[in-house]
Amino acid sequence: MKLKDGSNFPNFGLGTWFLGENPLTRAEEIKAIRTGIEMGVNLIDTAEMYGNGLSESLIGEAIRQTGRDSLYLVSKVLPENAGSTRLEKSLDATLRRLGTDHLDMYLYHWRGSYPLEETVGRLQQMVDKGKILRWGVSNFDTDDMEELLEIPEGRECCVNQVLYHLGSRGIEYDLLPLLRDEGIKVMAYCPLAQGGSLRSKLLSSSVVKEVAQKNGVSVFQLLLMFVLHMDGVCAIPRSGRSSHVKELVEASRMELSEEDYRKISEAFPAPNHKTYLDVV
Ligand SMILES: NC(=O)c1ccc[n+]([C@@H]2O[C@H](COP(=O)([O-])OP(=O)(O)OC[C@H]3O[C@@H](n4cnc5c(N)ncnc54)[C@H](OP(=O)(O)O)[C@@H]3O)[C@@H](O)[C@H]2O)c1
């Protein structure tokens, strides 16, 4: 898909929350990231928050041999570091851990106490310096987006990363239409329902199981296919196992028929009224 600045944006990438935190699973996690890259995935999503930098360091190690050029690296700044004094320092530390001189996308992880103008101004400076190519936000609900868009430079925002899956569809009511109108893409986190609502109901649903079986995929793969069916949405599922990453990449390349989409959509309908954004 295309971002509002005309650049290409992948519709699928690897999430990395919790990766890099356990020395015992480190080798398999690096293998999982490399498996994704070898299969052609280029977007990797991380954050300075994840393991207090450990996830970014793990990615840095995983991509050292594969090279950075073909990758689309996304990281996030914590709210307490999103003011004019700390943001650049945070970003520099992120770049160091990843072993790169720029990010493709830098996200404001969630809204904190700094005025939006201050954070946005600093993000734009980082674009001017070439340390990030573009920026976006995360966990911004409709009212936050409206406020952001009132700031002139707020319109430079390219994506909003929010929780979205078959059991948590509140964004379809008002946030997704607003973002579409503004040409802002959605990055769906927790596409496999690790957080948000109804996880156990989704995994045990006879409708979901039946549609998954019909398509020859697992329930997790079907959950991913549901998110990817939505126009303008990029999904970033996470796995620390190479076999799971392989399944996710394969599912990201499969199409869900309109009939099957409708079946699972009717079993877990989107709300027909405003609900506050789900977060983890
Ligand atoms: N912006 C934000 O505030 C925010 C918040 C949360 C997450 N995120 C981002 O979004 C990413 C994804 O969200 P998430 O990590 O919370 O949850 P998720 O992707 O919905 O689910 C991850 C869980 O699914 C399991 N899994 C993955 N592939 C599987 C497969 N093929 N079969 C069975 N189980 C599978 C993983 O276990 P295994 O490792 O054992 O495979 C893990 O327990 C994060 O990693 C992070 O990058 C952003």
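This is a dialogue about how to read some features of a predicted model.

Colleague: What should be kept in mind about numbering and about the kind of model this is?

Modeller: Residues are numbered from 1 along each chain as its sequence is written. The model is predicted, with local features needing pLDDT of at least 70 and side-chain atom pairs counting only at pLDDT 80 or more, while totals for chains, interfaces and linings use all residues.

Colleague: How is a pair of packed helices described, and at what angle do H2 and H3 pack?

Modeller: Two packed helices are described by the angle between their axes and the distance between the axes. Axes are lines fitted to C-alpha atoms, for helices over the stretch in contact, and angles run from 0 to 180 degrees between N-to-C directions. Helices (H or I, at least four residues) and strands (E, at least two) are DSSP runs numbered from the N terminus. Here helix H2 (residues 54-63) and helix H3 (residues 87-98) pack at about 40°, and their axes are 7 Å apart. Glu56, Ser57, Ile59 and Gly60 of H2 meet Thr94, Arg97 and Leu98 of H3, where contact requires C-beta atoms, placed from the backbone, within 7 Å.

Colleague: Which side of H4 do its buried residues lie on, and what covers them?

Modeller: An α-helix has 3.6 residues a turn, so residues three or four places apart point the same way. In H4 (residues 116-129), the residues Thr119, Val120, Arg122, Leu123 and Met126 are buried. They cover an arc of only 160° around the axis, which puts them on the same side of H4; the arc is that of the directions from the helix axis to the C-beta atoms. A residue is buried if 20 or more other C-beta atoms, placed from the backbone, lie within 10 Å of its own, exposed if 12 or fewer, and partly exposed in between. Their cover includes H3, strand E4 (105-108) and strand E5 (135-138), whereas the face of H4 turned away from the buried side carries the exposed residues Asp128 and Lys129.

Note on methods:
Two residues are in contact if their C-beta atoms, placed from the backbone, lie within 7 Å. The expected span of a helix is 1.5 Å times one less than its number of residues.
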